[in-house]
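Let's take a walk through a protein together, one piece at a time. Have the model open beside you and look for each part as we get to it.

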Amino acid sequence: MKNDALLTDHIERYLADRKENPAKAAEEAEDRALRLQAFHRWNRDRMMKASPDELVEFFTPLWSMAMWGNKEYQVNQIISDNGLDSLRARLSEFLWGTAPVAERWDEFRSKTKWIGPSMMSELLGYVHPDECI
């Protein structure tokens, strides 16, 4: 099956599931709204001043963090391996920089440990939901 057909099939099944399970759909929509709200409280200035505990708060809601039982340990590993100042600066530039997203993506990906494409794309989607879906 080609990618377009595969995507169409998944979308159709998702829409059918939403129709058959409206309570589940409403719960998922509320969850997404709460996540968007949480990430919209962040900006470049806040990120540049973020403490390690605030970075735990920043990363913990991500679906890409769901597999980690001890999320605080994982975030502390990210901070430790990248350096707090460096991580804050890279995240700030990646999420709120003015260069094209592709350039920011490549720069961040090449220099940042423990934050891969799934986490990066999820962050962009929450911080810029109208541009990066």
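Start at M120 and ask what it touches: leaving aside its neighbours within four places in sequence, M120 is in contact with F94, W105, F108, R109 and I115. Contact here means heavy atoms within 4.5 Å. Take F108 from that list: M120 and F108 are 12 residues apart in sequence, and their C-alpha atoms are 8.9 Å apart in space. M120 has a relative accessible area of 0%, so it is buried. The cut-offs are these: buried means under 20% relative accessible area, exposed means over 50%, and partly exposed is in between, using a 1.4 Å probe and protein chains only.

Before going on, a word on where all this comes from. The model is predicted, so local features need pLDDT of at least 70 and side-chain atom pairs count only at pLDDT 80 or more, while totals for chains, interfaces and linings use all residues. Residues are numbered from 1 along each chain as its sequence is written, and side-chain values use heavy atoms, with hydrogens and water left out.

Now zoom out. The protein has eight helices and zero strands. Helices (H or I, at least four residues) and strands (E, at least two) are DSSP runs, numbered from the N terminus. The C-alpha atoms fill a box of roughly 45 × 30 × 25 Å, taken along the principal axes. Of the 133 residues, 32% are buried.

Back to M120, which lies in helix 8. How enclosed is helix 8 by the rest of the structure? Eight of its 11 residues are buried, so helix 8 is largely enclosed. Those buried residues are M119, M120, E122, L123, L124, G125, Y126 and V127, and they pack against helix 2, helix 4, helix 6 and helix 7.

Let's follow one of those partners. Two packed helices are described by the angle between their axes and the distance between the axes. For helix 2 (22-39) and helix 8, the axes come within 8 Å and cross at roughly 85°. That makes helix 2 roughly perpendicular to helix 8. Axes are lines fitted to C-alpha atoms, for helices over the stretch in contact, and angles run from 0 to 180 degrees between N-to-C directions. Under 35 degrees counts as roughly parallel, over 145 as roughly antiparallel, 65 to 115 as roughly perpendicular and the rest as oblique. R35, L36 and F39 of helix 2 make this contact with L123, G125 and Y126 of helix 8.

Helix 2 has another partner to look at. Helix 1 (residues 3-20) packs with helix 2 at an angle of about 110°, their axes 5 Å apart. So helix 1 is roughly perpendicular to helix 2.

Next, turn to helix 4 (residues 52-59), whose buried residues are L55, V56, F58 and F59. They cover an arc of only 160° around the axis, which puts them on the same side of helix 4. That arc is taken from the directions from the helix axis to the C-beta atoms. Covering the buried residues of helix 4 are, among others, helix 2, helix 3 (44-49), helix 5 (71-82), helix 6 (84-96) and helix 8 (117-127).

Finally, the rings. A search of the whole structure finds six aromatic pairs. The ring centres of F58 and F59 are 5.2 Å apart and their planes are at 80°, so this pair is edge-to-face. The rule is that rings of Phe, Tyr and Trp (its six-membered ring) pair if their centres lie within 6.5 Å, with planes under 30 degrees apart counted as stacked, over 60 as edge-to-face and the rest as tilted. Ring pairs also link F58 and F59 with F39, W42 and Y126 into a cluster. At W42, the charged end of R46 sits over the ring, 3.9 Å from its centre. For that, NZ of Lys or CZ of Arg must be within 6 Å of the ring centre and within 35 degrees of the ring normal.
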